[in-house]
Amino acid sequence: MADTHSIIGTKNKKGQTYTDTWKMMNEAPRTPSFYTGSEVIKEAIRRASCDVMIAYPITPQSEAAALIGELFAEGYIGDYFRGESEFAVMSQCAGASFGGARVFTTTAGPGTMRAMENFPMWAGARLPIQMIVTCRGINSPLSIQPDTLEIAYLLNTGMLVWHAETAQDFFDWILKGYIVSEEPDVHLPLALCCDGFFVTHTKDVVNLTPADMCLPPYDPYRSPVPCMDMECPPVRMMRDPFVMKSNYISYATHASWQQEIWAAVERSRKHTIHWLNGLVDTENTDADIVIVASGTAVSQGREAIRMLEDEGVRCGLVKVKALRPWPEEEIRQATKNAKHIFVPEFNVTGWLAKEIRATVPNSQRVHAGPHVCGGMTMPPEIIVSEIKTALGMKTFSMAGRGS
Amino acid sequence: MSKERIQISEALYDIMPSDYQDLVKSATYGKEDRGWKDIGTSKELIEQHSLCAGCPESMAFRYILASLPNPEDTVMVGSTGCTSLVFPMVAVHNIHSLFGNQNAIASGLKRALSVRFPGRVKDVVVLAGDGATVDIGLDMTLQAWFRQEKFTTICFDNELYANTGGQESGLMQKGFVAKMAPVGKLFDKVRLPEIARESGCHYVVNCTVSKPSLVEKVIRNAVHVAREIGPTYLQLYTPCILEIGKNSMEGLQEMRDSEKPTERFAYKEYISEPAKQLLAELAAKDKERKAAAKQLAGQASA
């Protein structure tokens, strides 16, 4: 059995040194690099000691998935192939994870939806697979443009769900994500989401950890359920297959297992706070007006706050980093002084605003918007306009943007 | 190649279930010549099952588990259906995840085991019903073969959806009246064995499970070819006696009737050239080993 403590300091076949993750992420020197989001995914996976990556083309994640193929060709990943559909790919990921591998995949939009049946299965089987979701439209008529609606469908699967704002978040969280996901008291899959194109296809300065350091390998024998490799006793996990029976014992077994999945999501909270330095980031939360957002809506909110400051309106900001576990107490605290809470989103239904309304007292304070969708950008002006309108201030018209 | 992984700590021995104690005492993990003849003289790798009385699927399970050449390093993948009622009672690691994705699970699993255990044998065997293999999972069944994934696919063909109550399936015979085929099935039984051959399988057999010795032979061949060369496919008739209106004791006769030369389960096999060569080599080695053992036994008795 692999013992991560004895592996620290040794080298892998590419000459990278297995490094204590805390040291690697927080103490090792960083090199500023100018990369696209897709290239950043590749650089993170180069350092992630991944065993298996399974790919399928769908915009806007195709480039990242192909770049990881290059890593495989260079010998950084144990195995890599193109599956036949997202449903198959997510099942292939499951198979590899059942077999004790550290597994990585990427998907987007309709691919996420096609694969959906797999996600509660991943969580139920306690498979710590990491899936990058580069969000795009899922509606008909066909759209490939950025839109975060698919995240709403992931929130009740039992997966951990994080929402990255920038390529830097992406780089750090891919690596930290494996550490949180693989904790024995968590051992759940992670959907690491970002807004497609805005993060994947733009270049940004990202501070990278040294390329000759990598994560300690995954140890499948720390899993709370047996690894399916016939290296441990093939216990009969059930004396009687309760799965399809209609009796109280069967219901109770399934109910307690579902509760355990959500308890594991809850137990990930302490690890997530430790590694991400909190489930939320906050600025000026003593202000009367607070913007709460996730993903690139945070960047737009930040810019809107700067514009409002020029007009003498002071605004706070809450960046929601983890959606599962949900930062209920953090959001309550950060918005306790707010008279108005604005939730800008890149989707038509406003799923984040609904979550926040269900979290904060006096939920009439929550303004669900502005919303853009279908690939529209969200100029900070429309956030400014939304806020000024709500405050009864004069604002310019944003005809055609639905605000 | 032994039972070392299932040994029980002495201090805990008496609190282990008796069927587990039996596995330690007399199962056939690691036995080189294990096969159907061990049934009755050793602990089987299947405990009690909850299939219908007389279900041919239960016979098939027993023969297959007795015949796997390497159960101590074999992982099985199942799917939803009657087989998923049995797998929890099987003493090799096995995975149920969703309905129809068994060959995708097996693809990822086999690759993970190859990455984690280079140079060691880890066999993967898929066992699923005809609905899982041919209807909902056909895409993943075929794609695994196209990719030349090195595992065995076994289809328990009962020519309908048994666990959900006898609905039409792609492997059902044309004209059969069933649920969801109220005027009889309108198209032919899907010819998956031929499709398997064209899709790149190196060893394909279509037969019934009426003869345990035959099941043993085809299982051993299929696993060995998959291990060394590429995908293999076995389509085994395991009639659902309940849904075709037979009694508990009539399953065996149903299989015998269906394997006559003109019937749809007449023995058919396809073996690729590399697989033929491999099987010939294995047969030669087997013969050599048996001759040596015989000689040794002769010397001992002399």
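Me: How many residues does the contact take from chain A and from chain B?

Reply: The size of an interface is often given as the accessible area lost when the parts come together. Here residues are counted instead, in a predicted model: the contact takes 35 residues from chain A and 33 residues from chain B.

Me: Which elements give two or more residues to the side of chain A that touches chain B?

Reply: They are strand 3 (52-55), helix 5 (86-98) and helix 7 (118-124) of chain A. Helix 5 of chain A provides the largest share, 8 residues. By class, this side of chain A comprises 20 nonpolar, 8 polar and 7 charged residues.

Me: Which residues have the most contacts inside the largest nonpolar core?

Reply: That core has 197 residues, and A:Phe170 and B:Leu109 are the ones with the most contacts inside it. Leaving aside residues up to four places away in sequence, B:Leu109 touches A:Gly95, A:Ala96, A:Phe98, A:Gly99 and A:Met228 in chain A, together with B:Val75, B:Val77, B:Ile95 and B:Val124 in chain B.

Me: How is chain B divided into domains?

Reply: Domain 1 of chain B covers 31-271 and domain 2 covers 274-302. Their centres, taken over C-alpha atoms, are separated by 29 Å. In the contact between them, 8 residues of domain 1 meet 6 residues of domain 2. On the domain 1 side, helix 8 (residues 212-228) of chain B gives the most, with 4 residues. That side has 4 nonpolar, 3 polar and 1 charged residues.

Key. Residues are numbered from 1 along each chain as its sequence is written. Chains are lettered from A and ligands numbered from 1 in the order in which they are written. This is a predicted model: local features need pLDDT of at least 70, side-chain atom pairs count only at pLDDT 80 or more; totals for chains, interfaces and linings use all residues. A nonpolar core is a set of buried Ala, Val, Leu, Ile, Met, Phe, Trp, Tyr and Cys residues joined through C-beta atoms within 7 Å. A residue is buried if 20 or more other C-beta atoms lie within 10 Å of its own, exposed if 12 or fewer, and partly exposed in between; C-beta atoms are placed from the backbone. Two residues are in contact if their C-beta atoms, placed from the backbone, lie within 7 Å. Domain bounds come from an automatic or database domain assignment. Ala, Val, Leu, Ile, Met, Phe, Trp, Tyr, Cys and Pro count as nonpolar, Asp, Glu, Lys and Arg as charged, and the others, Gly among them, as polar.
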